[in-house]
Amino acid sequence: MRHFFSRHQPPVHINRGLIAGIGGLVAIAAIGALTGLVGHPMLMAPFGASCVLIFSVTASPLSQPANVVGGHFVATLVGLVLRSVFPNEWWAVAIAVGAAIALMAALRITHPPAGANPLVVFAADPGFEFLLFPVLTGSLILVAVGALFHRFAKVEYPLARKPA
């Protein structure tokens, strides 16, 4: 039973943790500030979880730009399409989450925070413009802030493509 409570993540120096937290703060602040400029809500809860990956686990394949942007886009699209077909019921939400996970995996753009996007879609019942604002625009901003922030912090992000 102890293995359930073992921490497998390597220790992180306090400075790295603080830098990751500041990165998340800057990224969410940038998206939040944009809300007033574009007149559309730009923040959604899964973006906070994306910041954890982008700023704290930068070397993970799940943190890379294609996964962040593609995962959010595909998962939201699945949610929007299935919400237009199915009633707003628990079983429909379950189908949407499962379909989003399967499609992200098949496309090799898995991004765990995006698994929540169908839940957001079913709860808020937005139109297809939700794909542009906040999903696509917001995820692109997260990646851009992550790339700039890590450049100054001298952390490789995004990862260089490995030769085949």
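**Pockets, cores and overall fold**

Let me start with the second largest pocket. Its lining divides by class into five nonpolar, four polar and one charged residues. This is a predicted model, by the way.

Who lines that pocket? The residues are Q9, P10, V12, R16, G17, A20, F55, S56, V57 and T58. Two helices, α1 and α2, each give at least two residues to this lining. α1 has the largest share, with three residues. The volume of this second largest pocket is about 150 Å³.

Now the largest pocket. Its volume is about 390 Å³. Around it sit A59, P61, Q64, N67, R108, L159, A160, R161 and K162. How does that lining divide by class? Four residues are nonpolar, two are polar and three are charged.

Next, the inside. The largest nonpolar core has 23 residues. Which of them touch the most other members? They are A27, I31, I54, F55 and L142. α6 gives the most, six residues.

Then I54. Leave aside residues up to four places away in sequence, and I54 touches S63, V68, L142, V143, G146, H150 and Y157.

Now step back to the whole chain. How many helices, and how many strands? The chain has six helices and zero strands. So from the N terminus on, read α-α-α-α-α-α.

On size, the C-alpha atoms fill a box of roughly 50 × 50 × 35 Å along the principal axes. The radius of gyration is 17 Å. A compact globule of 164 residues would be near 15 Å, so the chain agrees with that.

Two last numbers. Buried residues are 39% of the 164 in the chain. And take the contacts with a separation of 6 or more: 77% of them join residues 24 or more positions apart.

That's the tour. Over to you.

Conventions: Residues numbered from 1 in each chain as written. Predicted model: local features only at pLDDT ≥ 70, side-chain atom pairs only at ≥ 80, totals over all residues. Heavy atoms only, no water. Core = buried A, V, L, I, M, F, W, Y, C linked by side-chain atoms within 4.5 Å. Buried < 20%, exposed > 50% of the residue type's maximum accessible area, 1.4 Å probe, protein only. Helix = DSSP H or I, 4+ residues; strand = E, 2+ residues; numbered from the N terminus. Contact = heavy atoms within 4.5 Å. 1 Å grid on protein atoms, 1.4 Å probe; cavity = no way out; pocket = protein on both sides within 12 Å on 5 of 7 lines; lining within 4 Å. Points joined across faces, edges and corners; volume = space filled by probe spheres on them. Nonpolar A, V, L, I, M, F, W, Y, C, P; charged D, E, K, R; others polar. Rg over C-alpha atoms; globule rule 2.2 N^0.38 Å.
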